[in-house]
Structures are given as structure tokens and as C-alpha cells.
Amino acid sequence: MKIAIGSDHAGFPVKSALKAHLCEKGHEVIDFGTDSDSVSCDYPDVAFAVAQSVAAREAERGILVCGSGIGMSIAANKVPGAYAALCNTPELAVLSRQHNNANILSLGGRIISELQAYEIADLWLDTNFKGNRHERRVSKIKQFEEKLAPTYSSSGEGRIVILDHPLVRHKVSIIRDKNTSVKEFRELVQEIAGLMVYEITRNLPLVKIEIETPIEKTIGYTLEGKKLAIVPVLRAGLGMVDGILQVIPNAKVGHIGLYRDPETLEPVEYYCKLPSDINERDIFILDPMLATGGSAAAAISLVKSRGARKVTLVCLIAAPEGVERVHQAHPDVDIYAAALDNYLNDHGYIVPGLGDAGDRLFGTK
């Protein structure tokens, strides 16, 4: 089983011993820190990292350890999709799985011994959810959670995430205006894409490093070195590239050429050039207008056929029809959009939309 584990300084000794125990049992363990019991750290930082890993299904289960286990469980349960249970006894560990389907175990490193931690963790990992009446109750928790956090999907399928930050909404309103010039339109598309990067890269992994400020030594963070690639769908996708590269300049850039047949509205491929190590990279496909979804779905299929494993679709404006088509063809792909509009008209344009993004970017109409 793939297990995400983490602790603060108070839980570090138990976490370290438990990690070794789990590895000996054949589990794959991802350690989110901390790396010492001599440097004080804040438990929420570790709890959020482990909880996000479990919620995103990058890990099957999570284990958190702090002094009492209380703070870790409170923090982890703020992440949609994370269901943390504080279990400092074997009985509670079993019940948290049988009745509550907990996916994160929280332990008190100052409450239990290492041997007790082994017993509790082993029981918790080996116990299955009973379902039946408990399924109904757990489902109510998930339904309420999705009501509060509509961009989260508990189904394990791709999400549609609408970035409704005031700056994004303001700039999208300007590019919708038919009187916006080509120059201003082009600049704003880059700005919106740059703003969207902060959300689409929210879960990039970090590693701790020691740094020295003018005052003292402390712990800082650096990107783990995750390889990224952005792949614009020609030609409109090109308008988003520079805005994203300003934030993640080391990302490689591929290109996919597709055009929409005016009669069938289906995509036709005419060009595809991708990084040679695409199977090692997280791929962000850029397609400003998600209308019928045909071009986006075809682009995703292309990069998957070349070996891409983790693909995300980034759009400016999306139509419900396009979102549905992409998720039908690629249920594992998250879609990020600056706006979700009403419907497609008879010509396949998004309403209210902004017209043809390519023509408005390059002044060809």
C-alpha cells in the first residue's frame, strides 16, 4: 500500500520508527517530514501536505503524528477528501475504518509507545470499511463537503475548477468585450494565464532546506524538481504560453496542431511535437476555449498516446458541453477554467463567450 506519512517535531521519533516498520512490512512510504525533533515546526504544514496527497489519491492512506494527535487531525480534516481519525487505541483504529472509512490515521507521539503505534497502524491498515448503513452516513459527509467546496470531486474522477478570483473575473470581463483591442486582448490573456498558474500548480511537491537569514538559521522550502511541460493547442493556445512561462520558466513546451472542421465540428490533427521525456512530466494542455470539447479531448488523447501520465487541461472559457465530453473521454483529467459559460450556439460557439480566441489574439478577423 502507498502511504503518506508526516509528523511535527514532537511526533518525529514515533514517525521515524513507524516508517521503518511500514517499509519492512512491504508498504511504499512517502515521507512529508519533519526531518528532526530538534527544530520546532508547525504541525498544520505537514498535516495539509499529507492530507492533500491522500485526497488527490497520490497516496492510498495517510498517517500523521504530533504530540497528542489532536492538532494533526484537526488540520488534516480541513482538506476536502481527507477523513482523519485520532486513534490512540487499537479499538478506535478498527472502528474508524469499519464505521467511518477514515483515510488518515492520527497518532499522539507523546501518548503511545512505538510498539503501540505499530499495533494501531497495522490494524488500521488491515481493516476494511463495512459499508451498508455506514456508507449512507459517510456519503452525507461527502455531499456536505462537496456543497461547501464545489471544485472538489470525491468520485476519483477529474474535476472542473473555476478560478473565480476577483482579478481573474475582472480581466475575463475585459477580454469578453468586443471593443477590446488585439494588443490589450493578447496582454490580458497572458495575464490571466499567469494568474491561473498559481492554482494549477498548488500541489507541486516541496522539500525542506536549511537556510540562514540575517537573524538565524531556519527551515525553508524549495520545489522538489517536478518536471513540467505546457502544450498549447495551436493556434489560440499560444496566447497563454508566455504568461505561464513567466511563472514556471523551466517548463518545456510542446505543440499540438488541431483545427475544427466547420461542417462536422470534429478536430483534425495536422501537427504534434512534444518533449521526448513526456512520460516523466506533468502536462498542462492549453486550449483557451473549451467549446464542443472535441479538440481538447483529441489533444489529451495525443499526449497520452505518447506516454503522458498526468494531464491537466487549462482553459479561459468553458462550456458545459465541452466539460462533459472531455470527462467522458478522459475521466482522470482535471479541467481549470477562468469561467464556465451557459451553452453552445448552433455554430459551436460558447455563449456568451468571447468569440474566436485565435482571431482576437492575432487580429485575423
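Predicted model: local features only at pLDDT ≥ 70, side-chain atom pairs only at ≥ 80, totals over all residues.
In α9 itself, the buried residues are Gly239, Met240, Val241, Gly243 and Ile244.

**The nonpolar cores**

- The largest nonpolar core has 38 residues, of which Ile192, Met196, Leu316 and Ile317 touch the most other members.
- Two or more residues of this core come from each of α7 (166–176), α8 (182–200), β9, α9 (238–245), β13 (282–286), β15, β16 (334–340) and α12, and the largest share, eight residues, is supplied by α8.
- Another core, of 26 residues, lies apart from the largest one, and its members include Val231, Cys272, Ile283 and Val323.
- In soluble globular proteins, nonpolar side chains tend to be buried together.
- Met196, one of the members of the largest core that touch the most others, is in contact with Leu163, Val314, Cys315, Leu316, Tyr336, Ala337 and Ala338, when residues up to four places away in sequence are not counted.

**The second largest pocket**

- The volume of the second largest pocket is about 650 Å³, and among the 30 residues that line this pocket, Arg260, Asp287, Met289, Ser295 and Asp356 are the closest to its centre.
- Two or more lining residues are given by each of β9 (228–234), β11 (255–260), β14 (289–290), α10 (294–305) and α12 (357–362).
- Sorted by class, the lining consists of 16 nonpolar, eight polar and six charged residues.

**Positions listed as a binding site**

- An unreviewed UniProt entry lists Ile350, Gly355, Asp356 and Ala357 under "binding site", and the lining of the second largest pocket includes Ile350, Gly355, Asp356 and Ala357.
- Ile350 belongs to strand β18 (residues 350–351), and this residue counts as buried because its relative accessibility of 7% is under the 20% cut-off.
- Not counting residues up to four places away in sequence, Ile350 touches Met289, Leu290, Ala291, Ile317, Ala318, Ala319, Asp341, Tyr343 and Leu344.
- Gly355 sits in the loop between β18 and α12, and with a relative accessible area of 37% this residue is partly exposed.
- When neighbours within four places in sequence are left aside, Gly355 is in contact with Met289 and Tyr349.

**A buried strand residue and a loop residue**

- Thr312 is part of strand β15 (residues 310–318), and a relative accessible area of 5% makes Thr312 buried.
- The contacts of Thr312, not counting residues up to four places away in sequence, are Ile283, Phe284, Ile285, Val333, Asp334 and Tyr336.
- Asn203 is found in the loop between α8 and β7 (206–212), and Asn203 is classed as partly exposed because its relative accessible area, 42%, falls between the cut-offs of 20% and 50%.
- Although Asn203 and Ala56 are 147 residues apart in sequence, the C-alpha to C-alpha separation of Asn203 and Ala56 in space is 9.2 Å.

Methods: Residues numbered from 1 in each chain as written. Heavy atoms only, no water. 1 Å grid on protein atoms, 1.4 Å probe; cavity = no way out; pocket = protein on both sides within 12 Å on 5 of 7 lines; lining within 4 Å. Points joined across faces, edges and corners; volume = space filled by probe spheres on them. Helix = DSSP H or I, 4+ residues; strand = E, 2+ residues; numbered from the N terminus. Nonpolar A, V, L, I, M, F, W, Y, C, P; charged D, E, K, R; others polar. Buried < 20%, exposed > 50% of the residue type's maximum accessible area, 1.4 Å probe, protein only. Contact = heavy atoms within 4.5 Å. UniProt positions renumbered as here; feature names shortened; annotations may be inferred. Core = buried A, V, L, I, M, F, W, Y, C linked by side-chain atoms within 4.5 Å.
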